[in-house]
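Here is a short walk through one protein model, with an eye on its helices, its open and closed spaces, and a few backbone spots. Keep the structure open beside the text as you read.

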Amino acid sequence: MSRFAYVNGAYVRHSDASVHIEDRGFQFGDSVYEVVYLYQGKLIDAEPHLDRMERSLDELQMDMPMSRKAMGLIMKELIKRNRLKTGLVYIQVTRGSATRDFPFPSACDQTMVMTTRRMPAFDPDKALKPLKVKSLPDIRWSRCDIKTTQLLAAALSKQTALDDGYDDAWLVDEAGFVTEGTSNNAWIVTKDGKLKTRKPSHEILNGITRQSIITLATEKGIEIIEEAFTLEEALEAKEAFVTSASACLKPVTQINEHTIGNGNVGIISEQIARIYANFLKG
Ligand code: PMP
């Protein structure tokens, strides 16, 4: 089956989809993106994702390229054309194409691209494959709260982790505190059973999955501390996991050469995964 992409007003075959070589997304990474999880035909947290996209664009002095309603209709149409039941919808918005120059062009039309990717449905009985992560210095820029397509530092870090036999990297700031994973938020379970994850700041992307889990876990009476934790604290933690729209929740059972807890998927990680899976099921 042909896959379709949406590019600037047209649904085109994925293999033929392209943007201009002068596009500022390509030239400068002058662009933002969002990834929304489609679970059994339902877009999860679409509004908060679009809120975050609007905020990211605003931080780069750009507007939303169209109304929320129009964006929602395009997402639905692309999902339909690609016969997608469960997977990811990627939305990318760039400042547009203009002769290469650093200053923002006075007038140019934004580029908007949407693509989809098939994925298995999140199922805590099957999906909780533990991850081994490697700690690496966080070499990204100082506005990680903006979801830009400038992902080179994350890609380099992930590649280093994979080359060294790990599944992902946990990035560590200059003071020794974990910021986040290369494409997910980092969590630990403390010795007294509380969840700890770094509070939103310019140093991390405030994950939509992270925010949903905070709400859902708090409703269940699980205590959450939004506070940075050091790498040492993570090594000593009872459990650890990561969250994102694409992974939902994945346990972390090894950091560098240290086993976390007893090396198995922790009880609280599993509990949170089940709570999140129930939320997905609605
Ligand atoms: N941090 C980073 C750096 C990410 O790339 C992502 C995934 N886009 C996340 C956190 C998780 O965010 P979300 O839960 O909204 O997918």
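## Helix α4

α4 has 12 residues and runs 16 Å from its first C-alpha to its last, close to the 16 Å expected at 1.5 Å a residue. That expected span is 1.5 Å times one less than the number of residues in the helix. Helices here are DSSP runs of H or I with at least four residues, strands are runs of E with at least two, and both are numbered from the N terminus.

Ala-153, Ala-154, Ser-157 and Ala-161 are the buried residues to look at in α4. Looking down the axis of α4, you'd see its buried residues fall within an arc of 100 degrees, so they line one face of the helix. (The arc is taken from the directions that run from the helix axis to the C-beta atoms.) On the face turned away from that buried side sit the exposed residues Leu-152 and Asp-163. Buried means under 20% relative accessible area, exposed means over 50%, and partly exposed is in between, using a 1.4 Å probe and protein chains only.

## What you're looking at

This is a predicted model, in which local features need pLDDT of at least 70 and side-chain atom pairs count only at pLDDT 80 or more, while totals for chains, interfaces and linings use all residues. Residues are numbered from 1 along each chain as its sequence is written, and side-chain values use heavy atoms, with hydrogens and water left out.

## The largest pocket

The largest pocket holds about 920 Å³ of space. It is lined by 38 residues, and those closest to its centre are Tyr-33, Lys-147, Thr-182, Ser-183 and Asn-184. A pocket is an open set of points on a 1 Å grid over the protein atoms alone, with protein on both sides within 12 Å along at least five of seven lines; a cavity is a set of points where a 1.4 Å probe fits but cannot get out, and lining residues have an atom within 4 Å of a point. Grid points are joined across faces, edges and corners, and a volume is the space filled by probe spheres set on the points.

Which elements supply at least two residues each to this lining? They are β3 (31-39), α2 (46-59), β5 (87-94), α4 (152-163), β9 (178-181), α5 (208-219) and β13 (239-244). The largest share, 4 residues, comes from α4. By class, the lining of the largest pocket splits into 17 nonpolar, 13 polar and 8 charged residues. For these classes, Ala, Val, Leu, Ile, Met, Phe, Trp, Tyr, Cys and Pro count as nonpolar, Asp, Glu, Lys and Arg as charged, and the others, Gly among them, as polar. Domain 1 (4-120) and domain 2 (125-281) each give at least three residues to the lining of the largest pocket; the domain bounds come from an automatic or database domain assignment.

## The second largest pocket

The second largest pocket has a volume of about 250 Å³. Its lining has 15 residues, with Val-19, Gln-92, Thr-94, Thr-111 and Val-113 nearest the centre. Two or more lining residues come from each of β1 (4-7), α1 (24-28), β5 and β6 (111-118). β6 gives the most, with 3 residues.

α5 has 12 residues and reaches 17 Å from first C-alpha to last, close to the 16 Å expected at 1.5 Å a residue. Its buried residues are Ile-208, Thr-209, Arg-210, Ser-212, Ile-213, Ile-214, Leu-216 and Ala-217. Just after α5, Gly-221 takes a positive phi of about 85 degrees.

## Backbone spots worth a click

Most residues other than glycine have a negative phi. Asn-8, in the loop between β1 and β2 (10-13), has a positive phi near 45 degrees. With 46% relative accessibility, Asn-8 counts as partly exposed. Asn-256 also has a positive phi, near 50 degrees, and lies in the loop between β14 (248-255) and β15 (258-259). Is Asn-256 buried or exposed? At 14% relative accessibility, Asn-256 counts as buried.

Gly-181 lies in strand β9 and is buried, with a relative accessible area of 1%.
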